[in-house]
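Please look through the structure below before reading on, and keep it in view while you work through the points. The notes after it are grouped by topic.

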Amino acid sequence: MEDISLIVMQLKNRQTQIDRKINQLIDQNLDPFPFERLDKGKKLIELIQKALQSIESEKLIEAGMHIKELEMEDLKIEL
């Protein structure tokens, strides 16, 4: 159970980091605007939320699949 709580903590920390980065991108108002980076950040947050929901529902295999998707998007989670 301790491993799961560490994974949850890592996922929440990553979500906070991604939220901050998205807000920075929006605040910088770059030209041309980096829509692809913004879209990737939103996708990562969506996958993190799905993984957290699966863990809360004790669907650990499903959570593992979401974490694998995150890794495929180059977001590393230490297991």
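The model is a predicted one, and two packed helices are described by the angle between their axes and the distance between the axes.

**The packing of two helices**

- Helix α2, which covers residues 35-56, packs against helix α3, residues 60-72, at an angle of about 160°, and their axes lie 8 Å apart.
- Because angles over 145 degrees count as roughly antiparallel, α2 is roughly antiparallel to α3.
- The crossing in which α2 passes α3 is left-handed.
- On the α2 side the contact includes Leu 44, Leu 47 and Ile 48, while on the α3 side it includes Ala 63, His 66 and Ile 67.
- Sorted by class, the residues in the contact of α2 with α3 are nine nonpolar, two polar and three charged.

**The nonpolar core**

- The largest nonpolar core has 18 residues, and those with the most contacts inside it are Leu 11, Ile 18, Ile 48, Leu 70 and Leu 75.
- Helices α1 (2-28), α2 and α3 each supply at least two residues of this core, and the largest share, eight residues, comes from α2.
- Apart from its neighbours within four places in sequence, Leu 75 is in contact with Arg 14, Ile 18, Leu 44, Ile 48 and Leu 70.

**A histidine in helix α3**

- His 66 belongs to helix α3, and it counts as buried because its relative accessibility is 13%, where buried means under 20%.
- Leaving aside neighbours within four places in sequence, His 66 is in contact with Leu 47, Lys 50, Ala 51 and Ser 54.

How values were computed
Residues numbered from 1 in each chain as written. Predicted model: local features only at pLDDT ≥ 70, side-chain atom pairs only at ≥ 80, totals over all residues. Heavy atoms only, no water. Axes fitted to C-alpha atoms, helices over the stretch in contact; angles between N-to-C directions. Helix = DSSP H or I, 4+ residues; strand = E, 2+ residues; numbered from the N terminus. Parallel < 35°, antiparallel > 145°, perpendicular 65-115°, else oblique. Left-handed = near helix turned anticlockwise from the far one by under 90°. Contact = heavy atoms within 4.5 Å. Nonpolar A, V, L, I, M, F, W, Y, C, P; charged D, E, K, R; others polar. Core = buried A, V, L, I, M, F, W, Y, C linked by side-chain atoms within 4.5 Å. Buried < 20%, exposed > 50% of the residue type's maximum accessible area, 1.4 Å probe, protein only.
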